[in-house]
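Notebook open, model loaded. I'm jotting down what I looked up, in the order I looked.

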Amino acid sequence: MIRSYVSGILCLIFFVLLESALLANISFFPAFPDFVMMFVLYFSVRNGKVAGQTMGFAGGLLLDLLSGAPFGMSCVVRTILGYAGGIFHNLMNYQSFFVNMVAGFLATLAKAALIYGISLLFPRHVNHYHIFSSVFVLELALNTVFTPIVFRLLRPFDSFIVAPDRRLP
C-alpha cells in the first residue's frame, strides 16, 4: 500500500505542476482540464474510499500551496471527490470509455456544486462557477473528454498505483 501512495503522490506532483505551472499560465485558454481531479478519481476507483480521500487531500493540499485559491478549499473539495469515487471501487467498470466519460462529467458537476456550497459559506473569499458560463461548460466538456484518456494512460501503471490487495486477479 505504501508503494501505491508514493507512486500516487509522484503522479499528483506531475499533474499539479502540469495544471498550475503550465496550463494555468497559458492565457488564451479560458478553461483547462482538471487532471488532478481525474487522477484522484482514478486512484479512488482503483483503491477505495480511504485511499481516495487521502490522495484527494494530498492533491488538494498541493494545489492550495501553488494556487491563489483560499487555503483548504481544494483540500475539502478533492477529499470529498476522492471519497465519493472510492464508493465505486469494484462497482465501476473503469475500462469502459463511456463509463469514464460519465464519471468525469459527474465529478466536474460535483466539484462545481461543492465549490458553490463553500462560496455560500464564504462569499467574499471564494469565487464559484457560474453553471451556464462558457468557462464552466468548456471545463465540463474537457473533463468529460479527457477522463477516459487519462484513465487509459494510467492503466499501464496499475502495478505501481493500485495496491496489491486491490488488484483483480
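I started with burial in helix 4 and found Met73, Ser74, Cys75, Val77, Arg78, Leu81, Gly82, Gly85 and Gly86 buried (buried is under 20% relative accessible area, exposed over 50%, partly exposed in between, with a 1.4 Å probe and protein chains only). Helices here are DSSP runs of H or I, at least four residues, numbered from the N terminus. This is a predicted model, where local features need pLDDT of at least 70 and side-chain atom pairs count only at pLDDT 80 or more, while totals for chains, interfaces and linings use all residues. Residues are numbered from 1 along each chain as its sequence is written, and side-chain values use heavy atoms, with hydrogens and water left out.

What do the buried residues of helix 4 pack against? I get helix 2, helix 3 (49-66) and helix 5, taking contact as heavy atoms within 4.5 Å.

I checked the length of helix 4 too. Its 15 residues should span 21 Å at 1.5 Å a residue, and the end C-alpha atoms are 22 Å apart, which agrees (the expected span is 1.5 Å times one less than the number of residues).

Next I looked at helix 2 (residues 35-47) against helix 4 (residues 73-87): they pack at about 35°, axes 7 Å apart. The axes are lines fitted to C-alpha atoms over the stretch in contact, and angles run from 0 to 180 degrees between N-to-C directions. On the helix 2 side I noted Val36, Met37, Val40, Leu41, Ser44 and Val45; on the helix 4 side, Arg78, Leu81, Gly82, Gly85 and Gly86.

Then cysteines. I searched the whole structure and got zero disulfides (a disulfide being a pair of cysteine sulfur atoms within 2.5 Å). Cys75 itself is buried, at 6% relative accessible area.

I moved on to the loop between helix 4 and helix 5, where Asn90 lies. Phi of Asn90 is near 65°, a positive value in a residue other than glycine. I wrote a reminder beside that: most residues other than glycine have a negative phi. Asn90 is exposed, with a relative accessible area of 55%.

Last stop was Val99, in helix 5 (residues 97-121). I have Val99 as partly exposed at 28%. Leaving out residues up to four places away in sequence, Val99 touches Met92 and Asn93. I also took the C-alpha separation from Val99 to Ala110, 11 residues apart along the chain, and got 16 Å.

Note on methods:
Helices (H or I, at least four residues) and strands (E, at least two) are DSSP runs, numbered from the N terminus.
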